[in-house]
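Trainee: Could you take me through one part of this model in some detail? I'd like to hear about a single side chain and the helix packing around it.

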Amino acid sequence: ISVPSSDSLMRFLQELFQPTGVYPEIVVLVIIYLKRLTRRANWRLTATNWRSLVMIALRIAQKMEGRPCLSNNLLHTLCPLFTATEYKKMEAVFFDVMEYRCYVSTKGFRDSLSRLMKFA
């Protein structure tokens, strides 16, 4: 199973901008959360899981930023791999694995943004 390319990941996130009103800073948080998740749980992003993990990280990032969140039904519409109920359960697992540590320091955010800008 192949790991998604950074181009695939960025295209997927860009496709989410229009229908969901995702703010650019949210994308930085999504990347940070995915890195944390893969380190903490020793998981890898694969061809079969990366879209759903991105969707859950996106929803959590929106919550942490105090932005309106994607509903579980909209998550299912945008990425119909799972039901709305399954997305809710995955969000709970994500929080557990992250040990509810979703805070990102200003320095951490800036460092991640700087690294991402090199791909732009």
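Mentor: Let's start with R59, which counts as buried, at 12% relative accessibility (buried is under 20% relative accessible area, exposed over 50%, and partly exposed in between, with a 1.4 Å probe and protein chains only). Before going on, a word on the source: this is a predicted model, where local features need pLDDT of at least 70 and side-chain atom pairs count only at pLDDT 80 or more, while totals for chains, interfaces and linings use all residues. Residues are numbered from 1 along each chain as its sequence is written, and side-chain values use heavy atoms, with hydrogens and water left out.

R59 sits in helix α3 (helices are DSSP runs of H or I with at least four residues, strands are E runs of at least two, and both are numbered from the N terminus). Setting aside residues up to four places away in sequence, R59 touches C69, L70, S71, N72, L75 and E91 (contact means heavy atoms within 4.5 Å).

R59 also belongs to the contact between α3 and α5. The axes of α3 and helix α5 (residues 84–97) come within 10 Å and cross at roughly 70° (axes are lines fitted to C-alpha atoms, for helices over the stretch in contact, and angles run from 0 to 180 degrees between N-to-C directions). That makes α3 roughly perpendicular to α5 (65 to 115 degrees is roughly perpendicular, under 35 roughly parallel, over 145 roughly antiparallel, and the rest oblique). On the α3 side you'll find S52, M55, I56, A57, R59, I60 and K63, and they meet Y87, M90, E91, F94 and F95 in α5. Sorted by class, this contact has 8 nonpolar, 1 polar and 3 charged residues (Ala, Val, Leu, Ile, Met, Phe, Trp, Tyr, Cys and Pro count as nonpolar, Asp, Glu, Lys and Arg as charged, and the others, Gly among them, as polar).

Stay with F95 for a moment. F95 is buried, with a relative accessible area of 15%. Search the whole structure and you get 1 aromatic pair. The ring centres of F95 and Y100 are 5.3 Å apart and the planes are at 5°, so the pair is stacked (rings of Phe, Tyr and Trp, the last by its six-membered ring, pair if their centres lie within 6.5 Å; planes under 30 degrees apart are stacked, over 60 edge-to-face, and the rest tilted). Y100 counts as exposed at 57% relative accessibility, and lies in the loop between α5 and α6. Its phi is near 60°, a positive value in a residue other than glycine. E99 lies in that loop between α5 and α6 too, with phi near 55°, again positive in a residue other than glycine.

Back to α3, which also packs on α2. The axes of helix α2 (residues 24–40) and helix α3 (residues 50–65) come within 8 Å and cross at roughly 120°. That makes α2 oblique to α3. Here E25, I26, L29, V30, Y33, L34 and L37 from α2 meet L53, V54, A57, L58, I60, A61, Q62, M64 and E65 from α3. The residues of this contact divide into 13 nonpolar, 1 polar and 2 charged. A57 and I60 turn up in this list, and A57 and I60 are also in the contact with α5.
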